[in-house]
Amino acid sequence: MAEVIPLAQPVLGEEEEHAVLAVLRSGQLSLGPRLAEFERGFAAVVGAPHASAVSSGTAGLHLALRAVGVGDGDEVVTSPFSFVASANAALYERARPVFADIDPVTLNLDPQAAAAAVSERTRALLPVHIFGYPADMPAFEALARTHDLGIVEDACEALGARHADGAAVGGRGHPTVFGFYANKQLTTGEGGMVTLADPALKERIDSERNQGRAPDMGWLDHDRLGFNYRLSDIACALGIAQLARLEQMLADRACVAALYREALADLEGLRLPCADANGDRRGWFVFVVQLPRGVDRDAVVRALGERAVPAKPYFPAVHLMSFYRERFGHREGEFPVCEDIAARSIALPFFPQMTDSQVEQVAATLRAVLGAPEWP
Ligand SMILES: Cc1ncc(COP(=O)(O)O)c(C=O)c1O
């Protein structure tokens, strides 16, 4: 039996061990000096004037939506092809996530479909840079200007991505949210970051992540509603250590993606992640392929698993999840592009230190499974 390949694996080493030990020895485990250091370093990486570290990407989305004024009864136009957190964040403020279909190539929210979904109640657009591929921000910025809408970018999967105009994802000024869960390009175990241009919004987010404490940090002086969405100094130290070798970590992921592209090129009917086009550049996070039509996706995932290759259906369409069906009455057929792609997509094992032979093993197993006679 072949060795089981992990689906994802963080790359943490001695630098992280030293950094965490130093925090433990300093005695300042939270709200210490690493917080501002991590924020400054991260903001510099994406070219944003400011950054606020938070306890998760989800917490960041929540605070970012509040910061652009989303509240009770508002609508937020977003993608149904995402992790559920991007839609849920609107619900935390009793706003409604309104879905629009996706672009069949980039798999990102389609600007034209988003425009058609804007109503009098729309307060903000929430494009997701899915699988690290940059969403069409110039189009969303034009749409937001026309209707006076806020923008929050979900870049939880997109560290390292760049737009055609050279701006890094996260550097356009709108609150943009990154996630640092264990499978992400940079990980603090759990964690997130909001990058943004407006210092007043940074002040608001910093206060709301810390129970609404006043900006002068007066002891127990809380002048607004807040949350505990703080990121500890231990987590920040992990992040700082990785920032120092981020370029290499991102390059390693891109290298594994290139190996996959080559190894899977001959698999007929299999759709690979779209190549960088028109100057946009992906920040590699996962390697998701679309299976040929007519193939039983769940059976393929099972068969791969039985052959030491873990794979996951990724992503299921958010509007068809039971909670969203029951709460909002969503049904099949509303967003055909998303539904077709969601039904055929699987994430293959993907992590920066994956070897040529592991990639080959995945490709050979997928080839064998798809070539088996039981498939139509
Ligand atoms: C697209 C997207 N949005 C939001 C999130 C939420 O981030 P977190 O798990 O850090 O709360 C994730 C994380 O997996 C994600 O992939």
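Guide: A polar contact is a pair of N or O atoms within 3.5 Å; within protein, one must be able to donate a hydrogen and the other to accept it, and residues adjacent in sequence count only if both atoms are side-chain atoms. The model is predicted: local features need pLDDT of at least 70, side-chain atom pairs count only at pLDDT 80 or more, and totals for chains, interfaces and linings use all residues. Residues are numbered from 1 along each chain as its sequence is written, and side-chain values use heavy atoms, without hydrogens and water.

Start with Lys 184. An N or O atom of its side chain is 2.7 Å from a ligand oxygen. The side chain of Asp 154 places an N or O atom 2.7 Å from a ligand nitrogen. Gly 57 uses its backbone: an N or O atom there lies 2.8 Å from an oxygen of the ligand. The protein buries 91% of the 390 Å² that the ligand exposes when taken alone (Shrake-Rupley method, 1.4 Å probe).

Now the shell. It holds 13 residues (a heavy atom within 4 Å of the ligand). Gly 57, Thr 58, Asp 154, Glu 157 and Lys 184 come nearest. By class, five are nonpolar, five polar and three charged. Asp, Glu, Lys and Arg count as charged; Ala, Val, Leu, Ile, Met, Phe, Trp, Tyr, Cys and Pro as nonpolar; the others, Gly among them, as polar. Helix 3 (residues 57-67) gives the largest share, three residues (helices are DSSP runs of H or I, at least four residues, numbered from the N terminus).

Definitions and conventions. Helix = DSSP H or I, 4+ residues; strand = E, 2+ residues; numbered from the N terminus.
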